[in-house]
Amino acid sequence: MTSADDAFVVFDHVQKSYDGETLVVKDLNLNIGRGEFLTMLGPSGSGKTTCLMMLAGFETATHGDILLDGRPINSVPPHKRGIGMVFQNYALFPHMTVAENLAFPLEVRKMGRAQIEEKVARALDMVQMSDFASRRPAQLSGGQQQRIAVARALVFDPPLVLMDEPLGALDKQLREQMQFEIKHIHERLGVTVVYVTHDQSEALTMSDRIAVFNDGRIQQLDDPATLYEKPMNSFVAQFIGENNKLDATVEAVEGELCLVRFDNGETARALAVNIAGPGSRTRLSIRPERVEIGAKPDFNSVEARVLELIYLGDHIRCRMEVHGNTDFIVKVPNASEHAALTVGEVTTLSWRPEDCRALDAE
Amino acid sequence: MADRAEARDAPVVAPIGNKQASEAKMSDASANGGPVLAADGTPLKVSLRRAERRLRLRAFLLTAPLLGFILLTFIAPIGDMLFRSVENEIVADTLPRTVEALKDWDPASGQAPDEPVFRALYEDLKVAVAEKKHTQVGQRLNYEKSGISSVFRKTGRRIKRMDPDKPLKPQFVNADKDWGDVETWRVIKQFSPRFTDGYFLAALDMQRDAQGVHLRDEKDRIYLTLFWRTISLSAVITGMCLLLGYPVAWLLANLPARTSNLLMILVLLPFWTSLLVRTSAWKVLLQQQGVINDLLVGIGLIDDAHRLALINNQTGTIIAMTHILLPFMILPLYSVMKTVPPSYVRAAKSLGANDWTAFWRVYFPQTIPGIGAGAILCFILAIGYYITPELVGGTSGTFISNRIAYHISVSLNWGLAAALGSLLLILVLALYWAYDKIVGIDNVKLG
Ligand SMILES: Nc1ncnc2c1ncn2[C@@H]1O[C@H](COP(=O)(O)OP(=O)(O)OP(=O)(O)O)[C@@H](O)[C@H]1O
Ligand SMILES: [Mg+2]
């Protein structure tokens, strides 16, 4: 974690409202370290772009401070902040060639001709687009435009680069390739990157830390593994990766674990993560790959009926009914020791209490 | 349309570009080298054409009324105008024998023609006077040489008293001594062909006399001055419209919807009031005892003796026309600005450009299509404007169209009016061409 003192970017109790009636960003606190790759992840309308725009200077915070390198930047106009930005639609200037686009930030900084040419060439080289210098943006493919947009945001050596869903318009394969390229550029240059996406796999692949946004708040801020393994609330559990949810009531809390009772009267043990206490409602979260077929000692065991089988080659996706929930997914490895399941069959499922996280009921 | 046709043709066209594919796919067609056949054995091209014929016929019938309307009310009058500007049949029709007889006469001889020509003229005029057409010829020729009109009128009255058995030349010269003048005959001979460039020469302030074609004296040049004034004032008006309209269009495109709708109504409001009313309102505002002068005197900016002449001169024309043409600049600008995403300016600023640089290097170039469209629209409208210059232009602020109107309704010299109109049309087309060469007409976006 980054402490407030050596953080490069600090959001300090930031709020934002566009219309004076609803808060789009509610009390945002976030420290971003120097050289970090931080991703803002969240569903549409959760306020990610708004946060980025406040940082870039195109929106003003309704309340709170934003600090860049220790200095509040609320009163600094956008063009003096020195923040590189990659826009959702790239925003490459259509009337300029690729080279002119890249030269633009250097020209407004009044650099010399020779230096500009050298830097532009280097930036084009970095994104492997040297052959396209004299093309217009309209003559480039989506992926090529995206590279140029990244190169343009980096060409003037800003210490901080913001990217707002830069890969949103690309197809899956290209997107994965660009994810690696952006990641490598980040590692090579050591710039701080704030990256916005609503694609969770993109966030997991690229980020040092991920801030999960919902409803104008950061729900959880952690590195990808922690976020996936240890979601702190139901929204995060549901939003990141595949998740099985079971609603229940807390019976008793026993140290780290707790005893919960399902609506059909059966009980189970779960890791007490985010519950109010005995008698309160909770939502259990279990990753599909942590569920096993067959009874195991010390495991929670439950009867389940097979509703649907989907053959996926390396594993079989199995939809089951568990405690009245008909959307319970289990991934059965396609291995010889596993007997074939049939639709309608009743079998026993089991999982470790530690893999079953009791979270807020939402 | 072209795209669709291409897509449909693709299987047929492909074999031409790709020999191997053709042999694989259409072995029977390429085997005998004949055309590609449709399922029922008719050549594919024929059946395609047949299938499209109905579609095309229906499309044509649907647009036929409009085409007819345009042809009748737009193309035909323009054609008529172009024709009238060179048409000159009246001399040859009214004086056919004279024209024939004059063929052998050479004006360079310095002598009026001989008896046979006068005999022919006598015969022609007898018919013309009976049909009362001699005054029309006189009037037509009077455009070229003033005085001829009265020669014909006078002779028309005397023709009955002439004695065809005696030599006619002295009798004609006696009726009007101009018949003895070489110049009269030179004009008649010059304008006896059925087509003439005389109107165009006149419209360009040129004349043809014994020495050939040359410009009139500086003080007699009316039309060139008017053309120049029309072009330069239209350019000034277009410039003013751009200057005033650009910020308004920007506001329209960037304000929140509710405010911008209100502003749009204000922009369109002039369209809903009569042109005449608006122009008259400018009279009230701009005249020497008008609102603006009163105001300026009132706040002491000018004294009462030196009230500004804002109307019945070029200033009046510029002010009133700028106001009237402003929407034609704002609307295309607005529609273009509406399509420029705000992210471009934001991107420019994030790259370090200040407000001015972001505007000038990023926003402005992307609005050029709108500027082009607005400027062309304003300029072409201004160049042909009539009513406003007529009402507020006085003598120094009138346009070429006012002169055209004068020739159509007052002097009845339709040929000259047509020539002026044709020149105006040519001018507009030339400007359009120049614009296409310099800026590119694809760069114009009207909406
Ligand atoms: N200029 C604006 N005026 C008023 N409301 C706005 C404006 N921009 C955004 N909002 C509102 O603020 C909320 C958050 O918007 P924001 O653009 O930050 O979402 P986002 O997280 O970036 O979503 P997405 O993933 O779809 O881009 C939305 O409810 C949106 O309607
Ligand atoms: Mg967004």
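In this predicted model, the centres of domain 1 of chain A and domain 2 of chain A lie 39 Å apart, taken over C-alpha atoms. Domain 1 runs over residues 7-234 and domain 2 over residues 242-359, according to the domain assignment of chain A.

**Where the two domains meet**

How many residues of each domain are in contact with the other? Domain 1 of chain A brings 8 residues, and domain 2 of chain A also brings 8 residues. The size of an interface is often given as the accessible area lost when the parts come together. For these two domains of chain A, that buried area is about 760 Å². Carbon and sulfur atoms give 40% of it.

The count between the two domains is 1 salt bridge. Its partners are the side chains of Arg290(A) and Glu229(A), at 3.0 Å from N to O. Which helix gives the most to the side of domain 1 that touches domain 2? That is helix H7 of chain A, residues 224-229, with 3 residues. The whole of that side of domain 1 divides into 4 nonpolar, 2 polar and 2 charged residues. Polar contacts join the domains too: 5 residue pairs, with both residues at pLDDT 80 or more.

**Where chain A meets chain B**

Now the contact between chains. Here 22 residues of chain A touch 16 residues of chain B. The area buried between chain A and chain B is about 1700 Å², and carbon and sulfur atoms give 66% of that. Three residues of chain A lose the most area to chain B: Phe58(A), His79(A) and Phe104(A). Together they account for 30% of what the chain A side buries.

The count between chain A and chain B is 2 salt bridges. One of them pairs the side chains of Glu59(A) and Arg346(B), at 3.6 Å from N to O. Strand S6 (83-86) and helix H2 (98-107) of chain A each supply at least two residues of the side that touches chain B. H2(A) gives the most, with 3 residues. By type, this side of chain A divides into 15 nonpolar, 3 polar and 4 charged residues. There are also 4 residue pairs in polar contact between the chains, both residues at pLDDT 80 or more.

The table sets out the values for the two interfaces.

| Interface | Buried area | Share from carbon and sulfur |
|---|---|---|
| Domain 1 of chain A and domain 2 of chain A | about 760 Å² | 40% |
| Chain A and chain B | about 1700 Å² | 66% |

**An enclosed helix**

Why is helix H1 of chain A described as largely enclosed by the rest of the structure? Because 8 of its 9 residues, in the run 48-56, are buried. Among them are Lys48(A), Thr50(A), Cys51(A) and Leu52(A). Met53(A), Met54(A), Leu55(A) and Ala56(A) are buried as well. Just after H1(A) comes Gly57(A), which takes a positive phi of about 100 degrees.

**A serine in a loop**

Ser17(A) sits in the loop between strand S1 (7-16) and strand S2 (25-33) of chain A. Is Ser17(A) buried or exposed? Its relative accessible area is 13%, which is under the 20% cut-off, so Ser17(A) is buried.

The side chain of Ser17(A) makes a polar contact with the side chain of Asp19(A), at 3.5 Å. A polar atom of the Ser17(A) side chain also lies 2.8 Å from the backbone oxygen of Thr22(A). Leaving aside neighbours within four places in sequence, Ser17(A) is in contact with Thr22(A), Leu23(A), Val24(A) and Thr62(A).

Definitions and conventions: Residues are numbered from 1 along each chain as its sequence is written. Chains are lettered from A and ligands numbered from 1 in the order in which they are written. This is a predicted model: local features need pLDDT of at least 70, side-chain atom pairs count only at pLDDT 80 or more; totals for chains, interfaces and linings use all residues. Side-chain values use heavy atoms; hydrogens and water are left out. Domain bounds come from an automatic or database domain assignment. Contact means heavy atoms within 4.5 Å. Buried area is the accessible area (1.4 Å probe) that two parts lose on being put together, summed over both. A salt bridge is a side-chain nitrogen of Lys or Arg within 4 Å of a carboxyl oxygen of Asp or Glu. A polar contact is a pair of N or O atoms within 3.5 Å; within protein, one must be able to donate a hydrogen and the other to accept it, and residues adjacent in sequence count only if both atoms are side-chain atoms. Helices (H or I, at least four residues) and strands (E, at least two) are DSSP runs, numbered from the N terminus. Ala, Val, Leu, Ile, Met, Phe, Trp, Tyr, Cys and Pro count as nonpolar, Asp, Glu, Lys and Arg as charged, and the others, Gly among them, as polar. Buried means under 20% relative accessible area, exposed over 50%, partly exposed in between (1.4 Å probe, protein chains only).
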